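Keep the viewer open as you read.

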Amino acid sequence: MDSIFQKKEIRVAVVGRNLEDLLPMLKMFPCKIVEESPDLVISHGGDGALLGAERNYPGVPKCPIRDHRENPKCPRHSEISTLQKLFAGQLKPVMLLKVVAKKASGESISGINEILLDRTQKASAIRYRIWVDGELFRPQVVADSLVISTPFGSTGYFQSISRGNFTTGLGLAFNNAMDLMGFAVIGEASQITVELLRGPAVMGADNDSRLIPLQSGDTFTVHAKQNTTPLYGLEIFRCVDCYDLRKNGVH
Ligand SMILES: [Zn+2]
(Lines give C-alpha, C1' and ligand atoms only; values in the text may rest on other atoms or scores of the structure.)
Protein backbone atom coordinates (compact mmCIF):
# COMPACT_ATOMS: atom_id res chain seq x y z
CA MET A 1 0.00 0.00 0.00
CA ASP A 2 1.31 3.47 -0.82
CA SER A 3 2.52 5.33 2.24
CA ILE A 4 0.00 8.18 2.01
CA PHE A 5 -2.81 5.73 2.79
CA GLN A 6 -1.03 4.54 5.92
CA LYS A 7 -1.19 7.99 7.50
CA LYS A 8 -3.61 8.50 10.37
CA GLU A 9 -4.92 11.64 8.77
CA ILE A 10 -4.46 12.28 5.06
CA ARG A 11 -4.35 15.90 3.95
CA VAL A 12 -6.77 16.11 1.02
CA ALA A 13 -7.45 19.04 -1.29
CA VAL A 14 -10.64 18.95 -3.34
CA VAL A 15 -11.13 20.80 -6.60
CA GLY A 16 -13.82 20.84 -9.26
CA ARG A 17 -17.57 21.31 -9.29
CA ASN A 18 -20.48 20.30 -7.07
CA LEU A 19 -18.09 19.89 -4.15
CA GLU A 20 -21.04 20.06 -1.74
CA ASP A 21 -21.85 16.49 -2.88
CA LEU A 22 -18.31 15.22 -2.31
CA LEU A 23 -17.40 16.87 0.98
CA PRO A 24 -20.02 15.08 3.17
CA MET A 25 -18.83 11.71 1.81
CA LEU A 26 -15.24 12.51 2.74
CA LYS A 27 -16.28 12.88 6.40
CA MET A 28 -16.42 9.08 6.53
CA PHE A 29 -12.70 8.77 5.83
CA PRO A 30 -9.54 9.61 7.79
CA CYS A 31 -8.79 12.84 5.99
CA LYS A 32 -8.52 16.52 6.66
CA ILE A 33 -9.65 18.94 3.95
CA VAL A 34 -6.87 21.43 3.23
CA GLU A 35 -5.88 23.87 0.52
CA GLU A 36 -2.15 23.99 1.23
CA SER A 37 0.38 21.14 1.11
CA PRO A 38 -2.06 18.29 0.44
CA ASP A 39 -0.94 14.64 0.39
CA LEU A 40 -3.62 13.91 -2.17
CA VAL A 41 -5.88 15.93 -4.48
CA ILE A 42 -9.34 14.71 -5.44
CA SER A 43 -10.69 16.32 -8.60
CA HIS A 44 -14.49 16.22 -8.83
CA GLY A 45 -15.76 16.56 -12.38
CA GLY A 46 -14.45 15.61 -15.80
CA ASP A 47 -11.10 15.83 -17.56
CA GLY A 48 -11.06 19.60 -17.10
CA ALA A 49 -11.19 19.26 -13.32
CA LEU A 50 -8.27 16.83 -13.37
CA LEU A 51 -6.20 19.03 -15.68
CA GLY A 52 -6.87 22.05 -13.49
CA ALA A 53 -5.91 20.07 -10.38
CA GLU A 54 -2.58 19.13 -11.97
CA ARG A 55 -1.91 22.77 -12.81
CA ASN A 56 -2.73 23.94 -9.29
CA TYR A 57 -0.96 21.09 -7.50
CA PRO A 58 1.70 19.77 -9.89
CA GLY A 59 3.18 16.43 -8.92
CA VAL A 60 0.81 15.80 -5.98
CA PRO A 61 -0.92 12.38 -6.20
CA LYS A 62 -4.44 12.69 -7.56
CA CYS A 63 -7.68 10.79 -7.73
CA PRO A 64 -10.12 11.97 -10.41
CA ILE A 65 -13.76 11.27 -9.58
CA ARG A 66 -16.62 12.26 -11.84
CA ASP A 67 -19.42 14.19 -10.16
CA HIS A 68 -22.62 12.14 -10.32
CA ARG A 69 -24.85 15.13 -11.08
CA GLU A 70 -23.34 15.50 -14.52
CA ASN A 71 -21.85 12.04 -14.97
CA PRO A 72 -24.02 8.97 -14.43
CA LYS A 73 -22.13 5.96 -13.03
CA CYS A 74 -22.35 2.28 -13.82
CA PRO A 75 -23.38 0.09 -10.85
CA ARG A 76 -19.74 -0.74 -10.00
CA HIS A 77 -18.56 2.83 -9.70
CA SER A 78 -20.42 4.92 -7.19
CA GLU A 79 -18.35 7.70 -5.63
CA ILE A 80 -18.50 6.07 -2.25
CA SER A 81 -17.16 2.74 -3.48
CA THR A 82 -14.31 4.54 -5.27
CA LEU A 83 -13.47 6.50 -2.10
CA GLN A 84 -13.53 3.31 -0.03
CA LYS A 85 -11.02 1.65 -2.37
CA LEU A 86 -8.92 4.81 -2.52
CA PHE A 87 -8.54 5.23 1.22
CA ALA A 88 -8.02 1.48 1.68
CA GLY A 89 -5.00 1.84 -0.64
CA GLN A 90 -6.53 -0.58 -3.14
CA LEU A 91 -6.33 1.63 -6.23
CA LYS A 92 -3.19 1.18 -8.30
CA PRO A 93 -1.40 4.39 -9.25
CA VAL A 94 -0.83 5.12 -12.93
CA MET A 95 1.77 7.60 -14.17
CA LEU A 96 0.67 9.38 -17.31
CA LEU A 97 2.79 10.56 -20.17
CA LYS A 98 3.19 14.27 -20.58
CA VAL A 99 3.77 16.08 -23.86
CA VAL A 100 6.21 18.94 -23.69
CA ALA A 101 6.47 21.62 -26.39
CA LYS A 102 9.36 24.00 -26.55
CA LYS A 103 9.71 26.95 -28.86
CA ALA A 104 13.14 27.66 -30.35
CA SER A 105 13.17 30.88 -28.31
CA GLY A 106 12.89 28.86 -25.10
CA GLU A 107 9.23 29.22 -24.05
CA SER A 108 7.74 25.90 -23.09
CA ILE A 109 4.39 24.35 -22.17
CA SER A 110 3.29 20.85 -21.24
CA GLY A 111 0.08 18.88 -20.98
CA ILE A 112 -1.20 15.41 -20.19
CA ASN A 113 -3.75 15.40 -23.02
CA GLU A 114 -2.24 17.26 -25.94
CA ILE A 115 -0.28 20.09 -27.46
CA LEU A 116 -2.31 22.17 -29.87
CA LEU A 117 -1.08 24.40 -32.65
CA ASP A 118 -4.03 26.50 -33.74
CA ARG A 119 -4.63 29.23 -36.28
CA THR A 120 -5.48 32.66 -34.95
CA GLN A 121 -7.22 33.93 -38.08
CA LYS A 122 -10.41 32.00 -38.53
CA ALA A 123 -10.63 32.79 -42.25
CA SER A 124 -7.34 31.20 -43.30
CA ALA A 125 -5.63 27.87 -42.71
CA ILE A 126 -2.10 27.52 -41.36
CA ARG A 127 0.72 25.64 -43.11
CA TYR A 128 3.28 23.62 -41.26
CA ARG A 129 6.05 21.08 -41.82
CA ILE A 130 6.88 18.18 -39.51
CA TRP A 131 10.08 16.26 -38.87
CA VAL A 132 10.23 13.11 -36.75
CA ASP A 133 13.63 12.19 -35.32
CA GLY A 134 15.28 14.57 -37.74
CA GLU A 135 13.62 13.09 -40.84
CA LEU A 136 11.09 15.00 -42.87
CA PHE A 137 7.71 13.44 -42.03
CA ARG A 138 5.20 15.77 -43.68
CA PRO A 139 6.67 18.41 -46.05
CA GLN A 140 3.60 20.60 -45.88
CA VAL A 141 0.26 20.31 -44.15
CA VAL A 142 -2.43 22.91 -44.84
CA ALA A 143 -4.94 22.64 -42.01
CA ASP A 144 -6.82 24.48 -39.30
CA SER A 145 -4.68 23.08 -36.51
CA LEU A 146 -2.30 20.36 -35.35
CA VAL A 147 -2.97 18.23 -32.28
CA ILE A 148 -0.17 16.15 -30.76
CA SER A 149 -1.82 13.83 -28.29
CA THR A 150 -0.87 11.34 -25.58
CA PRO A 151 -2.79 8.04 -25.35
CA PHE A 152 -4.65 9.51 -22.36
CA GLY A 153 -5.67 12.56 -24.38
CA SER A 154 -6.51 10.51 -27.46
CA THR A 155 -10.12 9.96 -26.43
CA GLY A 156 -10.65 13.73 -26.44
CA TYR A 157 -9.70 16.28 -29.04
CA PHE A 158 -7.60 13.80 -31.05
CA GLN A 159 -10.58 11.46 -31.39
CA SER A 160 -12.92 14.22 -32.49
CA ILE A 161 -10.59 14.83 -35.45
CA SER A 162 -9.38 11.32 -36.24
CA ARG A 163 -12.46 9.28 -35.17
CA GLY A 164 -10.15 6.90 -33.38
CA ASN A 165 -7.90 6.62 -30.35
CA PHE A 166 -4.76 4.71 -29.41
CA THR A 167 -3.10 3.20 -26.35
CA THR A 168 0.63 3.68 -27.00
CA GLY A 169 2.76 6.26 -28.79
CA LEU A 170 2.01 9.84 -29.74
CA GLY A 171 -0.82 10.80 -32.07
CA LEU A 172 -0.69 13.62 -34.60
CA ALA A 173 -4.04 14.86 -35.89
CA PHE A 174 -4.23 17.31 -38.75
CA ASN A 175 -7.49 19.10 -38.24
CA ASN A 176 -9.38 19.74 -41.47
CA ALA A 177 -6.28 19.08 -43.60
CA MET A 178 -6.53 19.95 -47.29
CA ASP A 179 -5.05 16.62 -48.39
CA LEU A 180 -7.54 14.75 -46.17
CA MET A 181 -4.75 12.93 -44.34
CA GLY A 182 -6.34 12.96 -40.93
CA PHE A 183 -3.82 11.56 -38.48
CA ALA A 184 -0.73 9.48 -37.72
CA VAL A 185 0.47 7.62 -34.64
CA ILE A 186 4.23 7.50 -34.05
CA GLY A 187 6.49 6.01 -31.38
CA GLU A 188 6.48 7.39 -27.87
CA ALA A 189 10.21 8.18 -27.93
CA SER A 190 9.90 10.29 -31.10
CA GLN A 191 11.30 13.78 -31.20
CA ILE A 192 8.96 15.96 -33.22
CA THR A 193 9.93 19.26 -34.80
CA VAL A 194 7.32 21.53 -36.31
CA GLU A 195 7.99 24.56 -38.49
CA LEU A 196 5.15 26.98 -38.98
CA LEU A 197 5.35 27.85 -42.68
CA ARG A 198 2.43 30.21 -42.63
CA GLY A 199 0.94 31.68 -39.50
CA PRO A 200 0.08 33.38 -37.36
CA ALA A 201 -0.81 30.70 -34.84
CA VAL A 202 -0.80 29.95 -31.13
CA MET A 203 0.48 26.96 -29.23
CA GLY A 204 -1.34 25.67 -26.17
CA ALA A 205 -1.57 22.62 -23.90
CA ASP A 206 -4.67 20.87 -22.55
CA ASN A 207 -7.24 23.39 -21.40
CA ASP A 208 -4.61 25.83 -20.16
CA SER A 209 -5.55 29.40 -20.98
CA ARG A 210 -1.87 30.29 -21.51
CA LEU A 211 -1.14 30.42 -25.24
CA ILE A 212 2.24 30.99 -26.87
CA PRO A 213 2.10 33.05 -30.10
CA LEU A 214 3.97 31.85 -33.19
CA GLN A 215 4.75 33.64 -36.44
CA SER A 216 5.60 32.25 -39.88
CA GLY A 217 9.07 30.68 -39.75
CA ASP A 218 8.96 29.83 -36.04
CA THR A 219 9.79 26.28 -34.99
CA PHE A 220 9.10 24.23 -31.91
CA THR A 221 9.86 20.72 -30.69
CA VAL A 222 7.53 18.26 -28.99
CA HIS A 223 8.43 15.14 -27.04
CA ALA A 224 6.84 12.85 -24.49
CA LYS A 225 8.06 12.61 -20.96
CA GLN A 226 6.96 10.35 -18.13
CA ASN A 227 4.89 12.35 -15.70
CA THR A 228 5.72 11.99 -12.04
CA THR A 229 2.17 12.46 -10.75
CA PRO A 230 0.55 9.21 -9.51
CA LEU A 231 -3.11 9.03 -10.51
CA TYR A 232 -5.36 6.71 -8.55
CA GLY A 233 -8.54 5.22 -9.99
CA LEU A 234 -7.87 6.06 -13.61
CA GLU A 235 -9.48 2.83 -14.80
CA ILE A 236 -12.67 3.84 -12.96
CA PHE A 237 -12.48 7.40 -14.33
CA ARG A 238 -12.15 5.89 -17.82
CA CYS A 239 -14.71 3.08 -17.37
CA VAL A 240 -16.40 2.25 -20.68
CA ASP A 241 -19.72 1.35 -19.02
CA CYS A 242 -19.81 4.72 -17.22
CA TYR A 243 -18.87 6.37 -20.51
CA ASP A 244 -21.75 4.72 -22.38
CA LEU A 245 -24.27 6.08 -19.87
CA ARG A 246 -22.74 9.53 -20.16
CA LYS A 247 -22.68 9.44 -23.95
CA ASN A 248 -26.33 8.46 -24.06
CA GLY A 249 -27.24 11.31 -21.71
CA VAL A 250 -28.66 9.02 -19.00
CA HIS A 251 -29.01 10.63 -15.58
ZN1 LIG B 1 -18.13 2.30 -14.48
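This is a predicted model: local features need pLDDT of at least 70, side-chain atom pairs count only at pLDDT 80 or more; totals for chains, interfaces and linings use all residues.

Strand β8 (residues 126-132) and strand β9 (residues 135-143) are antiparallel and share six bridges. Strands here are DSSP runs of E with at least two residues, helices are runs of H or I with at least four residues, and both are numbered from the N terminus; two strands pair if DSSP finds at least two bridges between them. Two residues lie between β8 and β9 in their hairpin, and D133 in the turn has a positive phi of about 50°.

Now step back to the whole protein, which has six helices and 16 strands. Its C-alpha atoms fill a box of roughly 60 × 40 × 30 Å along the principal axes. The radius of gyration, taken over C-alpha atoms, is compared with a globule rule of 2.2 Å times the number of residues to the power 0.38. For 251 residues a compact globule would come out near 18 Å, and the protein's 20 Å agrees with that.

The protein is divided into domain 1 (3-92 + 233-247) and domain 2 (97-227), with bounds that come from an automatic or database domain assignment. The two centres, taken over C-alpha atoms, are 30 Å apart. Where the domains meet, five residues of domain 1 are in contact with six residues of domain 2, a contact being two C-beta atoms, placed from the backbone, within 7 Å.

Next, find strand β5 (residues 93-103), which is joined by 10 bridges to strand β16 (residues 219-232) in the antiparallel sense. In this pairing V94 stands opposite L231 in β16. β5 also runs antiparallel to strand β6 (residues 108-111), with four bridges, and V99 has G111 as its bridge partner in β6. The hairpin of β5 and β6 has four residues between the strands, where G106 takes a positive phi near 110°.

An open sheet of six strands comes next, in the order β12-β11-β10-β7-β14-β15, with antiparallel pairing. Because β12 (183-186) and β15 (212-214) stand at the edges with a single partner strand each, one side of each is left without a neighbour in the sheet. Within this order, strand β7 (residues 114-119) and strand β14 (residues 201-205) are joined by five bridges, and R119 stands opposite A201 in β14.

Finally, look inside. Buried residues, those with 20 or more other C-beta atoms within 10 Å of their own C-beta, make up 37% of the 251 residues. A nonpolar core is a set of buried Ala, Val, Leu, Ile, Met, Phe, Trp, Tyr and Cys residues joined through C-beta atoms within 7 Å. In the largest core, of 32 residues, L146, I148 and V194 touch the most other members. Strand β11 (residues 170-175) gives this core its largest share, four residues. Apart from this core lies another of 28 residues, among them V14, I65, Y232 and L234.

Methods
Residues are numbered from 1 along each chain as its sequence is written. A residue is buried if 20 or more other C-beta atoms lie within 10 Å of its own, exposed if 12 or fewer, and partly exposed in between; C-beta atoms are placed from the backbone.
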